[in-house]
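Please keep the sequence and the 3D view open while reading.

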Amino acid sequence: MNTSTNLFEQIALDLQVHGVSIQSLEANEPVLLALSKRLEHLSQKDFYRAGIGRQEDHIKNKKIRRDKIHWLDNSDPDEALFLSYMQDLQSYLNRRLFLGLFSYECHFAQYEPGAFYKKHLDAFKGETNRILSTVLYLNPNWQCTDGGELAIYDPQNHEQLLQVVTPNYGTLVTFLSDEFPHEVLPAKKTRYSIAGWFRVNTSVGGNIDPPQ
Ligand SMILES: O=C(O)CCC(=O)C(=O)O
Ligand SMILES: [Fe+2]
């Protein structure tokens, strides 16, 4: 078994038992280095203010989330390397857990000091084809006093805190999109992550659902 297979198996087991997985991608240095290099080359104009679903109300948006995002695609080789890695994870999880995952979409997110994302679910039962959420953190030397933690809540009791995840470089969180409420606590330093979603295909009449 190579290191990716070990990690993929660990994620599959975590999901099976808990519905949430917190692992480290640090053994896969090439992918992390490629993403860090890509982040260095992206400029402020490559990021734009994120919205919530089809909600276009800017004031309301700003009360809920303050991150800026940049979608990944295959035209950039460093982004493509990560997308291909997540494609391998998708295939593994489909073989192992029969999830029928069909596509993966993801964006870099930049949280400037003071930015947050209030408690939310990434998917509502029956209303979306987002099945699994992933978040990968890209912050070297993040200190516990830097804030910006991901707080994950109990699916049965949305007030009950389950886990607090420090956004350390290489940490990869995976969870069931319509089960786990979560929030990003205000960051004190600029915080980078890649948030992504594995989706099932809900196409009708042969029209494939657009990936984003
Ligand atoms: O960056 C994070 O820790 C989570 C972001 C998130 O929940 C989202 O983008 O939906
Ligand atoms: Fe989320």
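1. A residue is called buried if 20 or more other C-beta atoms lie within 10 Å of its own, exposed if 12 or fewer do, and partly exposed in between, with C-beta atoms placed from the backbone. Helices (H or I, at least four residues) and strands (E, at least two) are DSSP runs, numbered from the N terminus. By these terms strand 6 (130-137) is mostly covered, since six of its eight residues are buried.

2. The model is predicted, so local features need pLDDT of at least 70 and side-chain atom pairs count only at pLDDT 80 or more, while totals for chains, interfaces and linings use all residues. Residues are numbered from 1 along each chain as its sequence is written, and chains are lettered from A and ligands numbered from 1 in the order in which they are written.

3. Seven strands form an open sheet in the order 1-9-6-11-4-3-2, with antiparallel pairing, where two strands pair if DSSP finds at least two bridges between them. Strand 1 (20-24) and strand 2 (48-49) stand at the edges with a single partner strand each, so one side of each has no neighbour in the sheet.

4. Within this sheet, strand 6 is joined to strand 11 by seven antiparallel bridges, and Thr-134 has Gly-196 in strand 11 as its bridge partner. Five bridges join strand 6 to strand 9, also antiparallel, and there Val-135 is paired with Val-173. Strand 4 (residues 103-111) runs antiparallel to strand 11, with nine bridges between them.

5. Which residues have the most contacts inside the largest nonpolar core? They are Val-135, Leu-136 and Ile-194, in a core of 36 residues; such a core is a set of buried Ala, Val, Leu, Ile, Met, Phe, Trp, Tyr and Cys residues joined through C-beta atoms within 7 Å. Among the elements that each supply at least two residues of this core are helix 1, helix 4 (77-97) and strand 6. Leaving out residues up to four places away in sequence, Val-135 touches Leu-150, Val-173, Ser-193 and Ala-195, contact meaning C-beta atoms, placed from the backbone, within 7 Å.

6. Val-135 also belongs to the shell around ligand 1, together with residues including Tyr-117, Asp-122, Leu-150 and His-182; a residue is near the ligand if its C-beta atom, placed from the backbone, lies within 6 Å of it. Strand 10 (182-184) and strand 11 (191-199) are the elements that give two or more residues to this shell.

Terms used
Two residues are in contact if their C-beta atoms, placed from the backbone, lie within 7 Å.
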